Amino acid sequence: MSIESANAIELKGLTFKRGARNIFDNIDLYVPRGKVTGIMGPSGCGKTTLLRLIAAQLKPEQGEVWVNGQNLPKLSRPDLFDARKQFGVLFQSGALFTDLTVFENVAFPLRVHTKLSDELIRDIVLMKLQAVGLRGAIELMPDELSGGMKRRVALARAIALDPDILLYDEPFVGQDPIAKGVLVRLIRLLNDALGITSVVVSHDLAETASIADYLYVLGDSQVLGQGTPEDLMKSDNPRVQQFMQGRPDGPVPFHFAAPDYKEDLLGVRHG
Amino acid sequence: MAKQSVAERIQLFGRSGLMVVQAMGVAGVVLVHALLGRRGAGSSVHLLIKQLYSVGVLSLAIIVVSGLFIGMVLALQGYTILVDFGSEQAVGQMVALTLLRELGPVVTALLFAGRAGSALTAEIGNMKSTEQLSSLEMIGVDPLKYIVAPRLWAGFISMPLLAAIFSVVGIWGGAMVAVDWLGVYEGSYWGNMLASVDFQDDVVNGVIKSLVFAFVVTWIAVFQGYNCVPNSEGISRATTRTVVYASLAVLGLDFILTALMFGDF
């Protein structure tokens, strides 16, 4: 795969296990360059795990993770840390450094990876904060921000080094409608304005479908369906349909696997 | 829970043994990665100075106060016993030797584990649970170099210094009680001390002990934080484990070191 390939990220034959449980079983997943790709699926299907595999924070049992021409799991620890500079990641919690101000948080990647002068760093930080609309919060501490603002500061930090690829881990969870709208707009805007590749991991159907150019639906350690949001809405896979329509019961059962209900009520107690 | 057969119990015992060995292996890898190899992005002396302050300088108060009281108690107890034999003049050497050889390094290490070790574990554990360590990794900064290494070095550097301060303050507190209060002749308090304390045997051995304790306590503290289960229960367990393991390790190692240094084999 060359750097100019149409895909920024290619997962090939990926298998990952937690204990005896198969999280992913031999899946292939391609993320087109310059597009917003949504990765969806019910909670607990391994979406966040997939992000961590892409960023090589977890090593797969089998398979390859190609990012811009490098197979990340095969890199040495120092090379891996170098390779990670091409990523910006927005964690679910924001993960701001609590002992640093908003300014220092956004300046952090610039300080550790560049030798820019203080004035230049200040200008870049101001521009990044302006992009997320929080230039006025520059002197605040993370504790003084609301959840939505924290996520926007984290986003400013994630784009500080102008990454090639932005990974979003559940960006809409726990956000009010206004904050959600802001984030949807920002994700689209940053993707198009900076020409980067975005991967949005989420189970918020409406928001993700509204910005994604391409969608994957995960479940059962497999890729259940893929395509544009419109394609998936028309999918004939009943599991994809259940997810896209948000039906509580269907091929994905409402009940977690359990012994027979009657037997459980009348039978011998556990313990 | 169903009753376990003997075979299952043996299996459980074996598994916990393997887990201990595995944890020690991981701890070793963490240590090697943190201290050896090329410098990571973002490492700087500035980080070490910040940690020296929070680990070392902020522990000064508890070390000075404890040292003072322990020195005073030693002088008081020593005097009441020695005066029966008419040798209360030896109280200075008794206080000094006890502090330099044993109590200085050991009590400092125990207090350090409680004051600074638990704080290190809780801080690193909290960073882990709020994904700050993950986000450092994703920014391309190795948390072992950026977070763990400066804390380890700060512990190594500050604990022997704290132990020295502890002993000095203790000897001074002993003098206050013995000389100013109980009326031991000042010349014999200091003179006997000077005559009997040997630089190599007592002072250097005490410093060696302190260095070993510093290494073990800080290592346990940062590893427990780095390796904790990232939720509030996991952090509280890890903090407890830091204090318990570090204290036991210090007391056990103290016996071994004392036997090696002063034992007559």
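Modeller: Two residues are in contact if their C-beta atoms, placed from the backbone, lie within 7 Å. Please keep in mind that this is a predicted model. With that cut-off, A:Leu167 touches A:Leu51, A:Ile54, A:Ala55, A:Phe87, A:Val89 and A:Val199, once residues up to four places away in sequence are left out of the count. A:Leu167 belongs to the largest nonpolar core, which has 133 residues, and together with B:Val217 it touches the most other members. The element that gives the most to this core is helix 4 of chain B, residues 91-129, with 17 residues.

Helix 4 of chain B also packs against helix 3 of chain B, residues 60-82: their axes come within 10 Å and cross at roughly 145°, and the crossing is right-handed. Among the residues that make this contact are B:Ile63, B:Ile70 and B:Leu74 from helix 3 of chain B, and B:Leu99, B:Leu103 and B:Arg115 from helix 4 of chain B. Sorted by class, the contact between the two helices has 14 nonpolar, five polar and one charged residues.

Turning to where the chains meet, 18 residues of chain A are in contact with 15 residues of chain B. On the chain A side, helix 2 (77-83), strand 6 (87-90) and helix 3 (102-113) of chain A each give two or more residues, and the largest share, four residues, comes from helix 3 of chain A. This side of chain A divides into 11 nonpolar, four polar and three charged residues.

Key
Residues are numbered from 1 along each chain as its sequence is written. Chains are lettered from A and ligands numbered from 1 in the order in which they are written. This is a predicted model: local features need pLDDT of at least 70, side-chain atom pairs count only at pLDDT 80 or more; totals for chains, interfaces and linings use all residues. Ala, Val, Leu, Ile, Met, Phe, Trp, Tyr, Cys and Pro count as nonpolar, Asp, Glu, Lys and Arg as charged, and the others, Gly among them, as polar. A nonpolar core is a set of buried Ala, Val, Leu, Ile, Met, Phe, Trp, Tyr and Cys residues joined through C-beta atoms within 7 Å. A residue is buried if 20 or more other C-beta atoms lie within 10 Å of its own, exposed if 12 or fewer, and partly exposed in between; C-beta atoms are placed from the backbone. Axes are lines fitted to C-alpha atoms, for helices over the stretch in contact, and angles run from 0 to 180 degrees between N-to-C directions. A crossing is left-handed if the near helix is turned anticlockwise from the far one by less than a right angle, and right-handed if clockwise.
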